[in-house]
Every structure is written in C-alpha cells, then in structure tokens.
Amino acid sequence: MTMSINRTRTPQKNNPDAPQGLEASVISKGLRTSVIGQSIQIFSEIESTNAEAASLASQGAPEGTVVIAESQTRGRGRMGREWISPPNRNLYLSVILRPKRYHDRLGNWTLSAALAAAKAIGRTTGLEPDLKWPNDLRIKKKKIAGLLIETLVQGKHVKNMVLGIGINVNMSRMDFPEPLRSTASSLSEVLGHTVDRNRLCRMLLQELDSNYKKFLDGDFGTMLEGYRKRSETLNQRVRVQVRQKTLEGIAVDFSEDGALLLKCDNGILRPIYSEEIVHLREDLVTGN
Ligand code: BTN
C-alpha cells in the first residue's frame with residue numbers, strides 16, 4: 001500500500017510565479033512500484049534531502065522512503081560541490097535503499113540509477129538526455145541533472161544508502177548563477193515550456209524501482225547495454241586525474257561494476273572508479 005505524507009519544515013510561502021507544487025498524493029497516484037515510494041515525505045525547505053534521508057535511515061525509516069524538497073539551503077553535489085536549489089522549480093529527491101546483495105557492484109547501480117533518470121525524463125518530455133560517466137545527465141553538452149549516492153557500509157554490508165537526484169526542471173537562465181550559465185541548463189529551457197514536476201517525479205520513482213529490481217536480480221548486462229546506448233563518454237578522448245597522476249586516453253567501455261575502462265595513451269587499460277572525467281574535444285570547444 002502506498003502511504004503518502006506531506007511534511008513542511010518551513011511553511012510554503014505563496015509564490016505567484018511557482019508552477020504547481022509537489023504533492024505526495026499526486027505523485028503516488030497510480031504509482032506502481034514494489035520498493036521505492038511506499039512513503040513520500042515532502043519538505044518546503046530543507047538543508048539537503050540527502051542529509052534528511054540519511055538521518056531518517058539511521059532512525060530506521062523503511063527502505064524505499066523518498067524525501068523531496070521544494071528547496072535546499074545546502075544542496076550537495078559530487079566532489080564537495082554545491083547543488084543550486086532554488087524553490088519551486090526543480091526536483092530535489094533522495095531515496096533510502098538497503099541493497100542486500102552485490103555490495104561489490106554498487107558502481108553498476110550508480111549507472112543504472114542515472115539510466116533510470118534519463119528514461120524518466122524521456123518518457124515525460126520526449127527529450128533524450130545523454131549520460132556523461134558516471135552519472136551526469138546532459139542535453140547538448142549542458143548538465144540538466146546529477147546523482148549523488150552516499151553509502152554507509154558496515155563490514156561487507158550496506159547499512160544505509162541514500163540515492164540523491166537533482167533535476168533542473170523549470171529553471172530559467174537567470175536562475176543559474178553566472179558561472180553555471182554556459183555549462184548547465186534545464187528541461188524547460190530546452191523545451192520552451194514548463195514541465196509537470198509531479199508527473200516527472202512519479203515516472204522517476206517507477207524507473208528507479210524497475211532498475212533497482214534488475215540490479216538486485218544481477219541483471220547487469222541489460223543495464224549496461226542501455227547505458228552504453230545513451231553514453232556520450234564512450235569512444236571519447238578523456239582526461240582524468242587519479243590521485244596525483246593525470247591520465248589521458250579513450251573511454252572504450254564500462255565494466256559490470258560500473259568502472260570506466262580507459263585505454264591509456266601508453267596502451268594500458270585502466271578501470272576508473274569514481275574520479276571526475278573531462279571530455280577532451282569538448283574541452284577545446286568550451287574551455288572547461
Ligand atoms: C552532482 O554533483 O552532479 C550530484 C548532484 C546531486 C544533487 C541532489 S539534489 C537532491 C539530493 N540532495 C542533495 O543534497 N544532493 C542531491
């Protein structure tokens with residue numbers, strides 16, 4: 001049974017410019033998932049949905065609990081960066097997970113979750129985001145969504161995992177801080193019209209649930225196949241910093257445990273696990 005709760009840490013202010021607010025009852029209407037979304041908690045303003053989900057998880061909240069916020073005051077990005085989270089425009093969402101197996105393949109789940117987000121955007125808007133390894137979603141080379149997975153491991157077991165997703169849905173050019181305007185975009189900016197966030201969120205939960213089941217069934221091959229098709233990193237010349245060393249080469253494939261397989265210029269094949277990569281040809285164009 002789907003239980004939905006709307007929680008308000010900061011009361012939602014009336015904002016005449018805001019598109020329809022996120023509603024747990026609307027998101028869960030017709031939601032067909034087995035694990036993800038049995039409980040949906042929506043906050044008006046919160047530090048970070050990942051932080052809130054981690055705290056709920058440590059208090060024993062059930063697997064599949066979803067935490068959503070209309071705005072975040074300290075949205076977390078990868079590599080310690082900030083995730084810009086203005087109110088009432090986007091999706092900021094975290095899911096509590098406790099995968100019971102394949103703790104050595106969690107990188108695969110990262111890719112799988114990114115693929116699920118790309119599919120959800122496709123099904124809702126018709127857009128086809130590209131995947132920049134490991135889990136950036138981009139359209140015309142501009143980032144529209146990112147994932148941050150934070151895992152608490154005990155021994156060989158995952159005690160709690162928080163899967164956080166941020167999607168720039170209805171953000172306008174001016175909503176982005178100046179430095180991000182050349183590298184980030186939103187669905188509404190690409191489409192020229194706003195997107196129904198409740199519908200997108202429902203689709204996202206469904207796609208995540210479906211890929212999570214596949215992951216737990218050990219169906220890594222199907223997922224990788226889908227990921228490769230949407231990957232803009234595959235066959236690209238990339239640069240990556242591994243500890244103090246800069247490596248350059250061609251991204252030739254991904255492994256079942258989610259690593260990027262880099263054929264280095266010295267001919268050696270190196271698996272890259274969590275570092276940030278740069279696509280080199282693009283580097284020349286944008287100067288990033
Ligand atoms: C990235 O750097 O690309 C990852 C961004 C992840 C942002 C999301 S927004 C919802 C969740 N809560 C956070 O604090 N971060 C993630």
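Arg138 and Glu232 form a salt bridge, with their closest N and O atoms 2.5 Å apart. Here a salt bridge is a side-chain nitrogen of Lys or Arg within 4 Å of a carboxyl oxygen of Asp or Glu. Arg138 belongs to strand E6 and Glu232 to the loop between H6 and strand E9 (237–242), so the pair ties together parts that are 94 residues apart in sequence. Helices (H or I, at least four residues) and strands (E, at least two) are DSSP runs, numbered from the N terminus. Both Arg138 and Glu232 are buried, where buried means under 20% relative accessible area, exposed over 50%, and partly exposed in between (1.4 Å probe, protein chains only).

A few words on the model come next. This is a predicted model, in which local features need pLDDT of at least 70 and side-chain atom pairs count only at pLDDT 80 or more, while totals for chains, interfaces and linings use all residues. Residues are numbered from 1 along each chain as its sequence is written, and side-chain values use heavy atoms, with hydrogens and water left out.

His279 and Glu232 are 47 residues apart in sequence, and their C-alpha atoms are 9.1 Å apart in space. Leaving aside residues up to four places away in sequence, His279 touches Lys132, Arg138, Glu232, Thr233, Gln236, Arg237 and Val238; contact means heavy atoms within 4.5 Å.

Side chains of opposite charge can pair when their charged atoms come close. The count comes to 17 salt bridges by the rule used here. Three of them are set out below.

| Salt bridge | Closest N to O distance |
|---|---|
| Arg138 and Glu232 | 2.5 Å |
| Lys143 and Asp136 | 2.9 Å |

Glu248 is partly exposed, with a relative accessible area of 27%, and Arg237 counts as partly exposed at 27% relative accessibility. A network of salt bridges links Arg237, Arg239, Glu248 and Asp265.

Asp136, the partner of Lys143 in a salt bridge, is buried, with a relative accessible area of 12%. Asp136 also stands opposite Gly146 in E7. Strand E6 (residues 136–139) and strand E7 (residues 142–154) run antiparallel and are joined by four bridges; two strands pair if DSSP finds at least two bridges between them. Two residues lie between the strands in this hairpin, where Lys140 takes a positive phi near 50 degrees.

E7 also runs antiparallel to strand E8 (residues 157–167), and ten bridges join the two. Val153 has Val158 in E8 as its bridge partner. The hairpin of E7 and E8 has two residues between the strands as well, and Gly155 takes a positive phi near 60 degrees there.

## Aromatic pairs and a helix neighbour

Now for the rings. Those of Phe, Tyr and Trp (its six-membered ring) pair if their centres lie within 6.5 Å; planes under 30 degrees apart count as stacked, over 60 as edge-to-face and the rest as tilted. By this rule the count comes to six aromatic pairs. The rings of Trp109 and Phe215 have centres 6.0 Å apart and planes at 45 degrees, so the pair is tilted. Trp109 in helix H3 (residues 106–125) and Phe215 in helix H5 (residues 197–216) are 106 residues apart, and their pair links distant parts of the chain. Trp109 and Phe215 are both buried. In the Tyr227 and Phe254 pair, the ring centres are 5.1 Å apart and the planes stand at 85 degrees, so this pair is edge-to-face. Tyr227 lies in helix H6 (residues 220–230) and Phe254 in strand E10, so the pair ties together parts that are 27 residues apart in sequence. Tyr227 and Phe254 are both buried. One aromatic cluster is formed by Tyr102, Trp109, Tyr212, Phe215 and Phe220.

Helix H3 also holds Ser112, which counts as buried at 2% relative accessibility. Ser112 touches Asn211 and Met223, not counting residues up to four places away in sequence.
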